[in-house]
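Here is a short briefing to read alongside the coordinates. Keep your viewer open and follow along topic by topic.

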There are 2 protein chains.
Amino acid sequence: MRSRRKSGTSASRRRSAVKTKRRPGKTARNGQPSDAILVDLKHRLSEIYDLNAAGSVLSWDEATYMPVGGAAARGRQSALLGRLAHERFVDPALGKHIDYLEARAGELAAADASLIRVLRRDYEKAIKVPAEYVARASAHGSASYNAWIRARPENDFAGMIPFLEKTLDLSREYASFFAPYAHIADPMIDDADEGMTTATTQRLFAELRRELLPLVRAICDQQPPDDAFMRASFDEAEQLAFSLSVATQMGYDVARGRLDKTHHPFCTKFAAGDVRITTRVRRDDIGDALFSTVHEAGHAMYEQGVSASFEGTPLGAGVSAGVHESQSRLWENVVARSRPFWEHYYPALQKTFAGPLGSVPLDSFYRAINKVTRSLIRTDADEVTYNLHIMLRFDLELKLLEGRLRIKDLPDAWHAGMLADVGVAPSDDRDGCLQDVHWYSGRIGGAFQSYAIGNILSAQFFAAATGPHPNIGSEMASGRFDTLRGWLTENVYRYGRTLPPDEIVARATGTTLTTAPYLAYLRRKYGELYRLSQ
Amino acid sequence: MRSRRKSGTSASRRRSAVKTKRRPGKTARNGQPSDAILVDLKHRLSEIYDLNAAGSVLSWDEATYMPVGGAAARGRQSALLGRLAHERFVDPALGKHIDYLEARAGELAAADASLIRVLRRDYEKAIKVPAEYVARASAHGSASYNAWIRARPENDFAGMIPFLEKTLDLSREYASFFAPYAHIADPMIDDADEGMTTATTQRLFAELRRELLPLVRAICDQQPPDDAFMRASFDEAEQLAFSLSVATQMGYDVARGRLDKTHHPFCTKFAAGDVRITTRVRRDDIGDALFSTVHEAGHAMYEQGVSASFEGTPLGAGVSAGVHESQSRLWENVVARSRPFWEHYYPALQKTFAGPLGSVPLDSFYRAINKVTRSLIRTDADEVTYNLHIMLRFDLELKLLEGRLRIKDLPDAWHAGMLADVGVAPSDDRDGCLQDVHWYSGRIGGAFQSYAIGNILSAQFFAAATGPHPNIGSEMASGRFDTLRGWLTENVYRYGRTLPPDEIVARATGTTLTTAPYLAYLRRKYGELYRLSQ
């Protein structure tokens, strides 16, 4: 423990030169200048940020390297840090600081005004939820998750019914803290994707469904490409090294991050200078580690690109779940499943895995990594069918929240929905409504829409970048990504949360969230791949 | 964040059945029963324990996997957790709990009475040191350490003089908080090794020196064994695998721990179920990873052997720095540098490293790993000369603290001391008084004696174990350590801090700390190795 926190004395004098003592609003409660309020606010936020970051280190360790014996104490340690951060955040003194500075927002620097706007949003969300509910929901989420870990391999949906029923009650109760609302799912959707509602999401999804269903049908009328070579044997260490090498060439900075193996891939941030990713790796699947790594690197490049000046405040993070997912999907799909990308990387991949890939032509590889198929598991789904999986879940959770579907009828509804939209249905719940962790972690509602929003935005951002920079494609074909990453950093990443998501989208792309570029991208790419008549 | 801290309601009723309401002392301040005070105390201690454990996870990560970019935020995060733990520990409410329970110690269960005794000691030490001093000393320690990181490779002792002078002032100031004392180093020695003083340490060291100097001389008159084969090329992954395999066969439980690589080896504990070790590994040195791993595994087995019932309180840890070091040295030297040990393991080592070791006989290997040599670097020193390095440092720091030696004269004093005792002297300060981190971390005094105490106790414990269990040697010769580890667990490990170090030593060995077994061990082992006349 060599270094100690410095107090903010120099920062407290930062803006005083441009102020006079007489101007109204310059003297705060207890005679403190308003700058002192801002400094105290930022000091509090920095401690909260650091407590949460320390908690994230503990979670990362739990997922990567912790021995089994450490689990019990780790749960206790993580809960303590979470509680200390939460207590500090809902402190009424913090609320008073927000009130005070909000009333003087016009006098604040732009970033500070953004900070107050974002804080108001987060603070209101936090204080509306009673501590007693948080404890109750957290305990239930933990119990439900542990039950699901056992129930899924045993295909035991019946055993999960009581948990899900309580989860549904808790989710409805959560929404009630934010009443009135137009739809009961709205508060949860807004948590993840500020500005989105059930109604806007439904409109987007209707547009997608109208186009995707015939597209999937047209594709699946064709002969599917051969992808058996993707499931040969690939050395795991070589897979990891190749994947990380691609991610770093894309711009993921390993001086401020690292790659480790976990059961489920994720990205986590401890500081602007420490944004880590993890991946899964399977010996018999060349795609898994590679695309998981690039996906997480997309999230990580976003976080690494947020202006470091926001470190220690709520501004220093990606703006919404949907915009975050747009970056993981942009790099994973729009870039790393494109033909120009593999024109550059395929020779290196073939050299690394000469046995299984040496005699496979680029075109066959490109077709294999973009194979569209009616399949059961969301996380393994291709770009075209993926959103159908999302929409099924979104529709079902709306029905559950609205009281139009009972938990016990979920398997049947899942089966019917899969058949109708994806065209296949699972023979058991393991590959059906037991497959995703989300509902089993203690919340029904508000999570799945972000994945589809991410897909939509990935193409919208990419189109906006390539418009003024048509060289992005040829750069990709020579393993360079500077123009693309530069555009994303300039137009999306650096802002952090200073602008709301819809404003970031509008400024970057000239329009609101729209499905047109995404659908055009899918039609063009898969029209070519499957030689469809346009 | 799936699990949340459970409140201690069931524990609070644990002992109530054996109590009556009328007995005096059963009703505490504010009408609380004294059990409630104990429960509240343990709740506070558990939070402090968890905050410190979380800080240790952060430190472990910093040393193992953290990218360079994470350093600044990590310093801030660690300092915050340290401060929160310290604030909770020096809380006057905790002091009142100790007062209250101390007055009723006779009514407490034995472990709770021990807890109060240990807490009193720790609490008094903590509150006697002003927070202002802690901040000042910590900031200086950090600055000094960072300066030393640069200065050592540049051999720049002059640049370190101002830092060391301030460190000496701060160390003297630290001691002043515990005045009166017989010697200014006593408070710092007592911090690390409860019950030891400058006077007792000096007596021990005089005994050691009297025997060691002629022993070293006699050995160094002989032809040194050849150990060039130890510096061939050894695959690093194989070294790590072999080292960990040895450690686990000794009894280090990797379900409750793990081994990673770091610049400096260490052992760290996050919980009874998570005690990790690290090692260094050098391709051109077969001994480094192996003996470092076993050394740290000795520390770790001690911590893993502490009764899990003490988890979350100050009782749940090794009792002193000296007793801790006795376990690392016992496993590293008395066991893993013994002939019986290698009778079992050498064939496996030869098989793993057939190139460099295939034609080296066991006896040559055994002589090489116990080669005694007049050398400059403490951490590379053999068993026989090691204590001479320690005594030099101890003598010099006493002189510094007493004001009989000036910082600027340290290099000359080091040179003279090395020549007199070890028989060689460094040509520069890099391999002289700049070599150890201790003085450069912000404290002069109280650290080095523990290493020698550990050496002494390693043989004292081993002799006490083999007395009633003469089969320990033959077990070692067949790669089994159950009897030895069982004896150590029963007589040392399980107690944690419930008994003071001198009582643990006395109960386990039947006598107080004594150099006789250690000197007998060295004379016997090195007498044989170097064919000395006894």
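This is a predicted model: local features need pLDDT of at least 70, side-chain atom pairs count only at pLDDT 80 or more; totals for chains, interfaces and linings use all residues.

Chain A averages a pLDDT of 93, with 94% of the residues scoring at least 70. One stretch to treat separately is residues 1-32 of chain A, where pLDDT stays under 50.

**How the two chains pair**
- The same surface serves both copies, as 100% of the contact residues of chain B recur in chain A.
- Across the interface, 46 residues of chain B are in contact with 46 residues of chain A.
- On the side of chain B that touches chain A, two or more residues come from each of helix 2 (34-64), helix 3 (71-89), helix 6 (131-151) and strand 2 (267-271) of chain B.
- Which of these gives the most to that side? Helix 3 of chain B does, with 11 residues.

**The largest nonpolar core**
- This core holds 269 residues, and those touching the most other members are A:Ala54, A:Ala297, A:Phe461, B:Ala54, B:Ala297 and B:Phe461.
- In chain B, domain 1 (21-128) and domain 2 (231-373 + 453-506) each supply at least three residues to this core.
- Leaving out residues up to four places away in sequence, B:Ala297 touches B:Ala247, B:Met250, B:Tyr252, B:Ile277 and B:Trp331.
- As general background, nonpolar side chains tend to be buried together in soluble globular proteins.

**Helix 8 of chain A**
- Helix 8 of chain A covers residues 198-220, and at 1.5 Å a residue its 23 residues should span 33 Å; the end C-alpha atoms are 31 Å apart, which agrees.
- Its buried residues are A:Thr198, A:Thr201, A:Leu204, A:Phe205, A:Leu208, A:Leu212, A:Val216 and A:Ile219.
- An α-helix has 3.6 residues a turn, so residues three or four places apart point the same way.
- The buried residues of helix 8 of chain A pack against helix 7 (186-192), helix 15 (383-402), helix 17 (449-466) and helix 21 (516-529) of chain A.

**The loop at B:Arg280**
- B:Arg280 sits in the loop between strand 3 (274-279) and helix 11 (286-305) of chain B.
- Is B:Arg280 buried or partly exposed? B:Arg280 is partly exposed, because 15 other C-beta atoms lie within 10 Å, and a buried residue would need 20 or more.
- Beyond four places in sequence, B:Arg280 touches B:Thr262, B:His263, B:His264, B:Pro265, B:Asp288, B:Ala289 and B:Ser292.

**Backbone details worth checking**
- A cis peptide bond joins A:Ala179 and A:Pro180, with omega about 0°; A:Pro180 lies in the loop between helix 6 (157-176) and helix 7 of chain A.
- In chain B, the bond from B:Ala179 to B:Pro180 is cis, with omega near 0°.
- B:Asn155, in the loop between helix 6 and helix 7 of chain B, has a positive phi near 55° although it is not glycine.
- B:Arg531 has a positive phi near 50° and is found in the segment after helix 22 (516-529) of chain B.
- B:Arg531 counts as exposed, with 8 C-beta neighbours inside 10 Å.

Terms used: Residues are numbered from 1 along each chain as its sequence is written. Chains are lettered from A and ligands numbered from 1 in the order in which they are written. Helices (H or I, at least four residues) and strands (E, at least two) are DSSP runs, numbered from the N terminus. The expected span of a helix is 1.5 Å times one less than its number of residues. A residue is buried if 20 or more other C-beta atoms lie within 10 Å of its own, exposed if 12 or fewer, and partly exposed in between; C-beta atoms are placed from the backbone. Two residues are in contact if their C-beta atoms, placed from the backbone, lie within 7 Å. A nonpolar core is a set of buried Ala, Val, Leu, Ile, Met, Phe, Trp, Tyr and Cys residues joined through C-beta atoms within 7 Å. Domain bounds come from an automatic or database domain assignment. pLDDT is the predictor's confidence in each residue, from 0 to 100.
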